[in-house]
Amino acid sequence: MVRLSPRFAKSTVTLLLSLAAIASFSNVTSAQASIRFNSPAIGAPGNREAGASRSAPCAASDRGLVALLPETNLGLTTQAYPTFFAYLPPTTATTAEFVLYHEGTDELVYSTSFEITGNPGIASIQLPEQAGQRPLEVGESYYWYFTIICNADERSADMSVQGGVQRVAPDSSLLNQVQTAQPQEIPIIYAEAGIWHEALSTLVELSRANPNDPTVNANLDELLDSVGLGAIANEPLF
């Protein structure tokens, strides 16, 4: 795989995270349905959207593979084992792949392949918390690929997207807000603080647990729309 090498400003991330947590609103109520991602002014190279799906031999529509990331192509996380998300378009392929590398050393951190049905929807991959699996380290940067394998014998036909992730240490203000918040408030707090992976994963968990909750569904739509992914906001969650 060909990649561009991101160089993330770690000190800038720490400063931005602290400022975001301090500025994060303290009067959020569970009745509020407004959420908007406060994207830090840093990013990573790569492509969160694959080319037009119809150009791939396993395409079943003109929609493409999409990594669920901010427009900066970089997601921050406070977790050692975060969850990654991608929109899978209709396809005749039966296998997808996720790989994660350490930025700087290019060392493989995690790799997995799995079967897909070919139906469109939002898929999730959690870095497994298991024996032998390295966690993401605070202050370290990583890059990842999510790939639909059209032909295992001809990988140049793959549909693939690339994103960046960096683990950051939350400050005490953010931790206190999360610990005292109601479940529906937590994604909003993370979004205000610029923590993409937790903003999205906690909201997806709420949506799966409460599929008919209009506030949760509205928040998921608004979060994705705030980073330019409104077109896939209503896709089913796998």
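Biologist: Is Y110 buried or exposed?
Modeller: This is a predicted model, where local features need pLDDT of at least 70, side-chain atom pairs count only at pLDDT 80 or more, and totals for chains, interfaces and linings use all residues. Numbering runs from 1 along each chain as its sequence is written, and side-chain values use heavy atoms, leaving out hydrogens and water. Buried means under 20% relative accessible area, exposed over 50%, partly exposed in between (1.4 Å probe, protein chains only). Y110 has a relative accessible area of 15%, so Y110 is buried.

Biologist: How many aromatic pairs does the whole structure hold?
Modeller: Rings of Phe, Tyr and Trp (its six-membered ring) pair if their centres lie within 6.5 Å; planes under 30 degrees apart are stacked, over 60 edge-to-face, the rest tilted. By that test, the number of aromatic pairs is nine.

Biologist: What kind of pair do F98 and Y110 make?
Modeller: Their ring centres are 6.4 Å apart. Their planes meet at 50 degrees, so the pair is tilted.

Biologist: How many residues apart in sequence are F98 and Y110?
Modeller: Strands here are DSSP runs (E, at least two residues), numbered from the N terminus. F98 sits in strand 4 (residues 95-102), Y110 in strand 5 (residues 108-115). The pair therefore ties together parts whose separation in residues is twelve.

Biologist: Which strand does W144 bring to its pair with F98?
Modeller: F98 and W144 form a tilted pair, 5.7 Å centre to centre and 40 degrees between planes. Both are buried, F98 at 0% and W144 at 0%. They lie 46 residues apart, F98 in strand 4 and W144 in strand 7.

Biologist: Which residues form one aromatic cluster?
Modeller: F98 pairs with Y110 and also with W144. The cluster is F84, F98, Y110 and W144.

Definitions and conventions: Helix = DSSP H or I, 4+ residues; strand = E, 2+ residues; numbered from the N terminus.
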